[in-house]
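Here is a short report on how two chains pack together.

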Amino acid sequence: MASPIEQFQIKPIIPVINFTNSSLFMIGAAAVIVGGLLYATRKRAVVPGRAQSVAEVLHDFVANTLVDATGKEGMKFFPLVFSLFMFVLTANLLGMIPGFFTVTSHIIVTFALALLVIGTVVTYGFMKHGTHFLGLFVPSGVPAWLLPFIVVIELISFLSRPISLSLRLFANMLAGHIALKVFAGFVVSLLAAGGALTILAPLPLLMAVALMALEFLVAALQAYVFTVLTCIYLNDALHPGH
Amino acid sequence: MAQAQTTHATTEAPGGAHEDIGFPPFETETYGGQLLWLAITFVALYTLLSRLVLPRLGGIIENRRAMIANDLDDAAAMKSRAEEAGTAYEKALAEAKGRAQALAQETRAKLAAESDARRKALEADLNQRLAESDATITTKKAEAMSHVDAIARDTASAIIERLTGKAPAPQAVEAALKQIKA
């Protein structure tokens with residue numbers, strides 16, 4: 001029996017180009033997304049079949065989330081937001097398959113994605129609004145003597161966004177997979193222990209089944225949370241005034 | 001790290017030649033490779049989605065929206081046309097009804113006039129014939145009355161002849177009759 005964190009280990013596949021199991025599952029996720037969506041839309045049917053319905057629901061879901069948070073002009077970020085949502089969702093769900101590597105259980109990956117979001121916000125904010133974008137840190141209607149404190153607080157809250165965004169996803173995926181592995185490990189340990197303990201083995205198994213359902217929920221929910229927060233941050237870039 | 005090592009040590013099957021596992025997400029030497037492949041994958045994913053998949057998917061949805069809007073417009077146009085046809089039909093019906101009524105009225109009037117005329121003609125005819133027959137009766141009566149004298153004369157002559165055995169003089173009979181009539 002391996003340690004509960006063995007599943008997060010990066011194993012090289014082609015060391016020369018740094019190609020690892022993580023790389024493999026990233027590419028796998030991207031291939032599943034692109035291949036799945038292209039397959040689903042192959043007929044371009046006016047009356048969609050099952051697969052095309054799913055693709056359209058995903059499209060409309062992300063589009064609605066983005067428009068709700070940022071308005072119509074936010075649609076220029078739709079490819080980015082859709083890519084992020086699909087990548088995180090697919091990576092999370094692929095990780096639910098036993099034996100598969102979970103790309104999003106590594107802080108560096110989630111942090112890179114979060115930095116991509118914040119980088120987009122900052123870059124677009126300055127490009128579109130220039131120094132006016134800094135108004136994001138200066139809420140209107142605050143007394144002058146309070147302003148320095150408020151600006152510092154706003155700055156800290158802004159800088160903590162990529163950290164909270166990446167940590168939330170990373171920690172959720174990591175903790176869920178560890179919990180699953182621990183409970184699954186209990187089943188094996190109890191069976192191996194023999195005697196009265198063997199009879200207790202189904203209990204952690206039930207727990208593992210329940211956790212599995214919960215983890216599917218978490219996988220989808222965290223992808224959604226990541227997307228919603230991305231949309232909210234993008235809204236700051238589009239409309240920096242408080 | 002130490003905890004992970006002990007877990008590892010106690011749970012590893014004997015003979016397992018695994019290298020020591022730390023906490024993989026914090027093993028900084030793997031970051032470079034992960035970032036490299038994340039960048040490659042995500043750029044490829046973004047490019048494929050924004051260039052190929054999303055235009056296609058958005059096109060399908062937009063196409064359907066346009067088609068539904070088109071169909072709704074068509075339906076509205078057809079409905080208004082049907083309504084137009086309905087009002088036209090009603091108008092035609094009302095017109096036809098009016099015309100039928102007028103025609104009926106006309107026919108009735110014509111028939112009434114005709115029958116009136118016929119009745120008048122008949123009446124005139126009858127009146128004429130009545131007058132004619134009246135005239136005939138009068139002439140016939142006069143004629144008969146004129147015959148009465150002759151009959152009376154002849155009868156008187158015959159009676160006298162029977163009574164007396166000889167025929168009376170016509171002048172005498174005439175005179176006697178005149179006397180009676182007077």
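## Helix packing between the chains

H1(A) and H2(B) are roughly parallel to each other, because angles under 35 degrees count that way. Their packing angle is about 0°, and their axes are 9 Å apart. This is a predicted model.

The contact between this pair can be listed by side. H1(A) brings A:Ser22, A:Ser23, A:Met26, A:Ile27, A:Ala30, A:Ile33, A:Val34, A:Leu37 and A:Leu38. H2(B) meets them with B:Gly33, B:Gln34, B:Trp37, B:Leu38, B:Thr41, B:Ala44, B:Leu45, B:Leu48, B:Leu49, B:Val53 and B:Leu57. By class, the contact of H1(A) with H2(B) holds 15 nonpolar and five polar residues, and no charged ones.

H2(B) also packs against H3(A), with the axes 9 Å apart and an angle of about 120°. That angle makes H3(A) oblique to H2(B). The crossing of H3(A) and H2(B) is right-handed. On the H3(A) side, the contact uses A:Pro79, A:Leu80, A:Phe82, A:Ser83 and A:Phe87. On the H2(B) side, it uses B:Phe42, B:Leu45, B:Tyr46, B:Leu49, B:Ser50 and B:Leu54. Nine of the residues in the contact of H3(A) with H2(B) are nonpolar, two are polar and none is charged.

Next comes H4(A), residues 107–129 of chain A. Its axis and that of H2(B), residues 31–164 of chain B, come within 9 Å and cross at roughly 45°. H4(A) and H2(B) are therefore oblique to each other. Their crossing is right-handed. Here A:Ile108, A:Val109 and A:Ala112 meet B:Tyr31, B:Gln34, B:Leu35 and B:Leu38. The contact of H4(A) with H2(B) has six nonpolar residues, one polar and no charged.

| H1(A) and H2(B) | about 0° | 9 Å | 15 nonpolar, five polar, no charged |

## The interface as a whole

How many residues of chain B are in contact with chain A? There are 35, and they touch 39 residues of chain A. On the chain B side, helix H1 (2–11) and H2 each supply at least two residues. H2(B) gives the largest share, 25 residues. By class, the side of chain B that touches chain A has 23 nonpolar, 10 polar and two charged residues.

## The two chains

Chain B has three helices and zero strands. Its pattern along the sequence is α-α-α. Of its 182 residues, 7% are buried.

Chain A has seven helices and two strands. Its pattern is β-β-α-α-α-α-α-α-α. The C-alpha trace of chain A spans about 75 × 55 × 40 Å along its principal axes. Of its 242 residues, 33% count as buried. Take the contacts in chain A with a separation of 6 or more: 68% of them join residues 24 or more positions apart.

## The nonpolar core

The largest nonpolar core has 50 residues. Those with the most contacts inside it are A:Ala29, A:Val81, A:Phe85, A:Phe87 and A:Val88. Chain A gives two or more residues to this core from each of H1 (21–40), H2 (50–70), H3 (78–95), H4, H5 (147–193) and H7 (202–238). H3(A) gives the most, with nine residues.

A:Ala29 is in contact with A:Phe87, A:Thr90, A:Ala91, A:Leu94 and A:Val103, leaving aside its neighbours within four places in sequence.

## A loop residue at the interface

A:His106 sits in the loop between H3 and H4 of chain A. Is A:His106 buried or exposed? It counts as buried, because it has 25 C-beta neighbours inside 10 Å and the cut-off is 20 or more. Residues up to four places away in sequence not counted, A:His106 touches A:Phe8, A:Ser22, A:Phe170, B:Pro25 and B:Gln34. A:Cys231 lies 125 residues from A:His106 along the chain, and their C-alpha atoms are separated by 23 Å.

Note on methods:
Residues numbered from 1 in each chain as written. Chains lettered and ligands numbered in written order. Predicted model: local features only at pLDDT ≥ 70, side-chain atom pairs only at ≥ 80, totals over all residues. Axes fitted to C-alpha atoms, helices over the stretch in contact; angles between N-to-C directions. Helix = DSSP H or I, 4+ residues; strand = E, 2+ residues; numbered from the N terminus. Parallel < 35°, antiparallel > 145°, perpendicular 65-115°, else oblique. Left-handed = near helix turned anticlockwise from the far one by under 90°. Contact = placed C-beta atoms within 7 Å. Nonpolar A, V, L, I, M, F, W, Y, C, P; charged D, E, K, R; others polar. Buried ≥ 20, exposed ≤ 12 C-beta atoms within 10 Å, placed from the backbone. Core = buried A, V, L, I, M, F, W, Y, C linked by C-beta atoms within 7 Å.
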